[in-house]
Amino acid sequence: MSDAEPLYNVREQTGNPEHASVDDVVDLVIHRAQNPRAEHEGAHFDTAVAALVDRYGTESVRTLIHRILVDDEPFRTATNGLEMRNVDGVRIGTAASWFLEELNAQDDH
């Protein structure tokens with residue numbers, strides 16, 4: 001890639017140690033899938049991701065998130081070779097990008 005701005009403020013993209021790492025994001029995705037928040041504005045992400053982690057497994061979800069956040073792959077094509085529906089790649093990618101923003105916002109406080 002050229003000198004373009006990174007698509008995501010993830011440590012592996014920006015080199016900024018204050019940004020969350022892709023592992024932090026994956027850990028939060030898995031944690032939220034296992035412990036969905038009740039009565040929270042982001043609870044729909046938690047329940048959606050829980051179903052997808054159950055369907056595809058932790059490693060496929062981890063690979064997909066890495067491809068999206070670090071390798072700049074589009075949500076739909078990041079599913080290649082994972083036997084995952086493209087629409088589910090979009091769902092996981094959307095949740096992961098929200099969780100990344102949440103992690104980085106926590107660090108700003």
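Helices here are DSSP runs of H or I with at least four residues, numbered from the N terminus. This is a predicted model, in which local features need pLDDT of at least 70 and side-chain atom pairs count only at pLDDT 80 or more, while totals for chains, interfaces and linings use all residues. Residues are numbered from 1 along each chain as its sequence is written, and side-chain values use heavy atoms, with hydrogens and water left out.

**View 1. Here is R32, a residue of helix α2.** With a relative accessible area of 9%, R32 is buried (that means under 20% relative accessible area, with a 1.4 Å probe and protein chains only). Look around R32 and you'll find contacts, meaning heavy atoms within 4.5 Å. Not counting residues up to four places away in sequence, R32 touches R37, D46, F99 and E102.

**View 2. This one takes in the largest nonpolar core, which has 32 residues.** Such a core is a set of buried Ala, Val, Leu, Ile, Met, Phe, Trp, Tyr and Cys residues joined through side-chain atoms within 4.5 Å. V25, V29, I65 and L69 have the most contacts inside this core. Two or more residues come from each of α2 (22-34), α3 (43-56), α4 (58-69) and α5 (86-108). Helix α2 gives the most, with 7 residues. Zoom in on V29 and, residues up to four places away in sequence aside, you'll see it touching V49, V61, I65, A96 and F99.

**View 3. Now for α2 packed against α4, at an angle of about 140° and with their axes 10 Å apart.** The axes are lines fitted to C-alpha atoms, over the stretch in contact for helices, and the angles run from 0 to 180 degrees between N-to-C directions. That angle makes α2 oblique to α4 (under 35 degrees is roughly parallel, over 145 roughly antiparallel, 65 to 115 roughly perpendicular, and the rest oblique). On the α2 side, the contact is made by V22, D23, V25, V26, D27, V29 and I30, and on the α4 side by T58, V61, R62, I65, H66 and L69.

**View 4. Last up is I65, found in helix α4.** I65 counts as buried, at 1% relative accessibility. Leaving aside neighbours within four places in sequence, I65 is in contact with V22, V25, V26, V29, V70, I92 and A96. For a sense of scale, G15 is 50 residues from I65 along the chain, and their C-alpha atoms are separated by 18 Å.

Definitions and conventions: Buried means under 20% relative accessible area, exposed over 50%, partly exposed in between (1.4 Å probe, protein chains only).
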